Amino acid sequence: MSGEQLHIVGARPNFMKAAPVVAAAREQGIPTQLVHTGQHYDQAMSHIFFEQLGMPEPDLNLGVGSGSHAKQTADLMVAIEKTLLSCNPSCVVVYGDINSTLAAALVASKLHIPVAHVEAGLRSFDRTMPEEVNRIVTDSLSDLLFVTSPEGLVNLGTEGAAAFKVHFVGNPMIDTLKRFVSVLEPGQIRSELGLSSEYGVVTVHRPSNVDDPAAAERIVEILRQVSDRIRLVVPLHPRGRGTLTDAGIMDLPGVLVIDPLGYLEFMALVSQASVVMTDSGGIQEETTVLGIPCITLRDNTERPITVSHGTNVLVGNNPQVAIPAAWAAIQKKVDPQEPPLWDGHAGERIASVLLQISI
Ligand code: UD1
């Protein structure tokens, strides 16, 4: 073994989770390499996050890119296998629930390289979500399970994960938010977008909301009705651009559709929003910490702590249900409670465990 630990990231939500872990690992003297699979590759979906989060340039970019689930996962596996065979790391650290996470866990495990999974144990119990399949497989193959939220401990226990593998460490995505929250510049992004009064922020990119034209039409109908009462800004993920445009999102007078934003601009925009409507997992967590009402356009969540402790309400994507539920939620004052260990120090806790196995 080379003794180096390889952190593998691939898509937008991975970067905010990996930044504090990689920084803490390097600070604690663990030999660490960063590999980007290239699952996300646009400047706005990838590079800008490295710049803004002060992350080191990846030691290697595998340039895998997009494709169907089978093709993308297969391409990721081939590229990652080549990398692991040449680097021979002592451990592979994977993040979240994307296809890069699954591919890296599968390849490392078959090469008998220990796998550490950051954000283990989350379950939506909805196997129609590709991420749920990725979570289950990754956790079952991992040797170290870093858990962000107490429900993760319960889920892993129910599935029979050995207790010695499981470490409750808190949430590294929230480390990143806490690190940057005091330097956000909401005034600047609001003035660039011409937002002088109340507004909401919307993100949608889940296959269940944007791949099927009928679902995209339901989302656009929800936005049409909500935007009659409050201006909405939609930084649009490339996945939904086609179907949502066909469904008429660009023609809604109260909706401002913009390109994806960098981390700092996006969090600045969210920090002064009256409401956020989303199908993202990470944004459910970030709005909980910021105390911004969050309306989740899904029927389930793998992050129920954002409902029990935070500002999150699940409304699905049926306009007849979602719109009244969204209004009720917006009007209800919520006083969020900080989930345990979402204290800005998860990266250090993870690195301390990784240090023990690097000795
Ligand atoms: C992926 C993750 C999802 C995560 C999301 C965050 C999986 C299964 N899904 O979904 O869990 O919430 O990232 O954004 O891994 N595209 C671009 N530029 C890019 C990247 C993608 O235009 O830089 C377009 C391509 O048309 C691509 C599509 O977006 O086919 C989907 O990208 P992909 O990485 O397959 O999945 P996401 O929907 O982004």
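This is a predicted model: local features need pLDDT of at least 70, side-chain atom pairs count only at pLDDT 80 or more; totals for chains, interfaces and linings use all residues.
Asp139 lies in helix H5 and Arg123 in the loop between strand S5 (115–120) and H5, so the pair ties together parts that are 16 residues apart in sequence. Helices (H or I, at least four residues) and strands (E, at least two) are DSSP runs, numbered from the N terminus. A search of the whole structure finds 18 salt bridges.

Residues are numbered from 1 along each chain as its sequence is written. Local features need pLDDT of at least 70 and side-chain atom pairs count only at pLDDT 80 or more, whereas totals for chains, interfaces and linings use all residues, and side-chain values use heavy atoms, with hydrogens and water left out.

The chain is assigned a domain 1 (5–171 + 342–358) and a domain 2 (181–331), with bounds from an automatic or database domain assignment. Their C-alpha centres lie 26 Å apart, and 24 residues of domain 1 are in contact (heavy atoms within 4.5 Å) with 21 residues of domain 2. The area buried between the domains is about 1800 Å², of which carbon and sulfur atoms give 59%; buried area is the accessible area (1.4 Å probe) that two parts lose on being put together, summed over both. Gln52, Glu151 and Trp342 supply 29% of the area that domain 1 buries against domain 2, more than any other three residues.

Across this interface the rule finds three salt bridges. Arg206 and Glu131 also meet through their side chains in a salt bridge (3.0 Å, N to O). On the side of domain 1 that touches domain 2, helices H1 (12–27), H2 (43–53), H5 (130–141) and H6 (150–158) each supply at least two residues, and H2 gives the most, with six residues.

## Around the ligand

Of the 18 residues around the ligand, His40, Asp42, Asn99, Glu131 and His205 come nearest, a residue being counted if one of its heavy atoms lies within 4 Å. A polar side-chain atom of His205 lies 2.8 Å from an oxygen atom of the ligand, while for His237 the corresponding value is 3.0 Å. An N or O atom in the side chain of Gln39 is 2.9 Å from an oxygen atom of the ligand.

Note on methods
A salt bridge is a side-chain nitrogen of Lys or Arg within 4 Å of a carboxyl oxygen of Asp or Glu. A polar contact is a pair of N or O atoms within 3.5 Å; within protein, one must be able to donate a hydrogen and the other to accept it, and residues adjacent in sequence count only if both atoms are side-chain atoms.
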